[in-house]
Amino acid sequence: MQKITTFLMFPRTAEEAMNYYTSIFNQSEIIHITYHEENKDKQTGSILHAVFSLKGQTFMCIDNSNGNDIPFTPAMSLFVTCDSREEIETVFGKLAQDGQVLMPLAPLPTSEKFGWVEDKYGVSWQLNLAKNE
């Protein structure tokens with residue numbers, strides 16, 4: 001059982017982001033969503049808690065309900081080990097769309113290909129294709 005789970009807080013875009021991420025990565029699914037019920041704060045329909053998986057890794061997320069915009073930062077990123085050149089190029093291209101390339105795909109001494117991108121939701125991703133040794 002996974003004991004540490006990445007928890008993401010989105011500015012009312014959690015469900016959209018989950019759908020986007022699970023459409024990009026193989027072996028991915030939305031496992032569970034709990035929505036806010038009608039209440040005085042008008043959070044009705046926003047995500048109270050959700051669980052999803054990407055490439056078999058479990059994540060949790062919510063919609064920010066405190067009214068403060070708390071952005072993601074590249075100081076914390078998700079590191080993804082890709083299985084092929086095709087996968088890294090496809091995933092990089094999709095995550096970079098409407099986002100920002102922090103480091104273009106290129107070989108590194110430790111990687112056949114490596115790239116770093118911030119997606120349209122502000123989440124930072126480091127994508128790696130390991131060298132065959």
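In what order do the elements of the protein chain run from the N terminus on? The order is β-α-β-β-β-β-α-β-β-β, with 2 helices and 8 strands in the chain. Helices (H or I, at least four residues) and strands (E, at least two) are DSSP runs, numbered from the N terminus. This is a predicted model, in which local features need pLDDT of at least 70 and side-chain atom pairs count only at pLDDT 80 or more, while totals for chains, interfaces and linings use all residues. Residues are numbered from 1 along each chain as its sequence is written, and side-chain values use heavy atoms, with hydrogens and water left out.

**The whole chain**

Of the 133 residues, 38% count as buried; buried means under 20% relative accessible area, exposed over 50%, and partly exposed in between (1.4 Å probe, protein chains only).

**Helix H1**

Next, select residues 14-24, which form helix H1. Which residues of this helix are buried? They are Ala14, Ala17, Met18, Tyr20, Tyr21, Thr22 and Ile24. An α-helix has 3.6 residues a turn, so residues three or four places apart point the same way. The buried residues of H1 pack against strands S1 (6-10), S2 (29-35), S3 (47-54), S4 and S8 (124-130), and against helix H2 (85-96).

**Strand S8 and its partners**

Select S8 now: 6 of its 7 residues are buried. Two strands pair if DSSP finds at least two bridges between them. S5 and S8 run parallel and are joined by 5 bridges, whereas S7 (residues 111-118) and S8 run antiparallel and are joined by 7. S7 and S8 form a hairpin with 5 residues between them, and Gly122 in the turn has a positive phi of about 95°.

**Leu8**

Move to Leu8 in strand S1. Is Leu8 buried or exposed? Its relative accessible area is 8%, and therefore Leu8 is buried. Leaving aside neighbours within four places in sequence, Leu8 is in contact (heavy atoms within 4.5 Å) with Phe52, Met60, Cys61, Ile62 and Phe72.

**The largest pocket**

Select Thr6, Phe25, Leu54, Lys55, Gln57, Phe59, Leu78, Phe79, Val80, Thr81 and Trp125, which line the largest pocket. On a 1 Å grid over the protein atoms alone, a pocket is an open set of points where a 1.4 Å probe fits, with protein on both sides within 12 Å along at least five of seven lines; lining residues have an atom within 4 Å of a point. The volume is about 210 Å³, counted as the space filled by probe spheres set on the points, which are joined across faces, edges and corners. Strands S4 (57-63) and S5 (77-81) each supply at least two lining residues, and the largest share, 4 residues, comes from S5.

**Two loop residues**

Finish with Arg12, in the loop between S1 and H1, and Lys55, in the loop between S3 and S4. Most residues other than glycine have a negative phi. Arg12, however, has a positive phi near 70°, and Lys55 has a positive phi of about 50°. Arg12 is partly exposed at 43% relative accessibility, and Lys55 is partly exposed with a relative accessible area of 23%.
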